[in-house]
Protein chains: 2
Amino acid sequence: MRQESTKPEGLRERNRREKYEHITDVSIRLFLENGYDTTTLDEIAHSAGISRRNLFNYFDSKDEILFSHLREYYEMIAESIARSSPDEPALEVVRKAILSNLTRFDAERTLAIAKIMRNNAALQSKNRANEINLEKAIMKGLSALWPAKESHDRLLFVSILSSGAIRFATYTWLRDGNEIKLSDCVVEAFDRLKLETRCTK
Amino acid sequence: MRQESTKPEGLRERNRREKYEHITDVSIRLFLENGYDTTTLDEIAHSAGISRRNLFNYFDSKDEILFSHLREYYEMIAESIARSSPDEPALEVVRKAILSNLTRFDAERTLAIAKIMRNNAALQSKNRANEINLEKAIMKGLSALWPAKESHDRLLFVSILSSGAIRFATYTWLRDGNEIKLSDCVVEAFDRLKLETRCTK
DNA sequence: GTTATTACTGCACTGAGTGCAATTTAATTG
DNA sequence: CAATTAAATTGCACTCAGTGCAGTAATAAC
């Protein structure tokens, strides 16, 4: 019953948030040290100081420890797209939304996760599977911006192209080490969409 | 030590092939009847008349029962691409390779699998994850056709675009029931690549 | 303080997937 | 055909991810 400004976060929420981050940090450290497959949920729970059962109150599965952070990021992209100008080309809207949210991107953590995934085909598959959420987020934003039912198919196609471009950008960024900026990779990947589809050979 | 033409298939290989198909048929039937998640490997093995352990000599995992057939198909696409003319645009090469292998596509089984995946988000994710194999197959074919190292990035990009177009084609085909031919969907999806990336919405 | 939520824990259970040793079946050779 | 080799198949025991449940501890609200 505080009168001074709606309390934004109680002790409970803060604890939850901190524990969530703590579990993630501990897990990534263990994965880097011992590999993803050989690290069991028992070890993670023990290292994080909680029960194994309680892990599932924070993450739906072992994979989600690595990927769940992206959901929040995807949600921001969807909102950015929805708030864009409907006069611009759809692909341009998506590109700008990606670029404008890049600052919230945790590069260090992403690099660590990329390292964990290297040499683990199963994890790469799951990473790929997770891309479906990015695509749905883009589609959600685009549908809010252009709600006309007739445009559904072309918006879906734009979502597919966009998620492909983003994957390509991430790929080149990871490959070229830290010598290149992720934003440049994104710009280039979306440029490629226009170039590649009309060139001969 | 037969002299009359190299024997193409022994009893062993034929049995293996037949059992492989049989297991697949039985599994799809059970999945349709009782759902994917609720059907256990024990049930599948029992219905197929083999031991549970032996299932893993045919499929690496439960998912692979649904997806492993595509590998053979992907391999044919890779070979078709590799045998194409290097004078055509890359995207055109891929489109033709897809179209020319469409006859080998088991539409009935694909429809059944699509039905199983409907309302099962986890399976849809795994389906998406499997797309990585299609992309690798396309990339493999393209790399054989244009081995120059400098072209790697653009070929990778073409692979990404192609797998996206194929997914879109599959989506529209499944959505519009049997009223439309899959080949038409593929043609349209690749046309869209050229249209969508230059238009101003 | 008391009470209602929510967080956490332990336990027992299911089901996928693996390693291993033993057995059966098919292919090969003399 | 008999003996040998190789592959297919099986059962068993095991690990680990994930779930349901019932009970306990901590926090928020009154």
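In chain A, 12 residues of domain 1 are in contact (heavy atoms within 4.5 Å) with 11 residues of domain 2. The model is predicted: local features need pLDDT of at least 70, side-chain atom pairs count only at pLDDT 80 or more, and totals for chains, interfaces and linings use all residues. Residues are numbered from 1 along each chain as its sequence is written, chains are lettered from A in the order in which they are written, and side-chain values use heavy atoms, without hydrogens and water.

Domain 1 of chain A spans 11–63 and domain 2 spans 68–196, with bounds from an automatic or database domain assignment. Their centres, taken over C-alpha atoms, lie 27 Å apart. Buried area is the accessible area (1.4 Å probe) that two parts lose on being put together, summed over both. Ile28(A), Leu32(A) and Tyr36(A) supply 42% of the area that domain 1 of chain A buries against domain 2 of chain A, more than any other three residues.

A salt bridge is a side-chain nitrogen of Lys or Arg within 4 Å of a carboxyl oxygen of Asp or Glu.

| Interface | Buried area | Carbon and sulfur share | Salt bridges |
|---|---|---|---|
| Domain 1 and domain 2 of chain A | about 940 Å² | 58% | 4 salt bridges |
| Chain B and chain A | about 3,500 Å² | 60% | 8 salt bridges |

The contact of the chains takes 38 residues from chain B and 38 residues from chain A.
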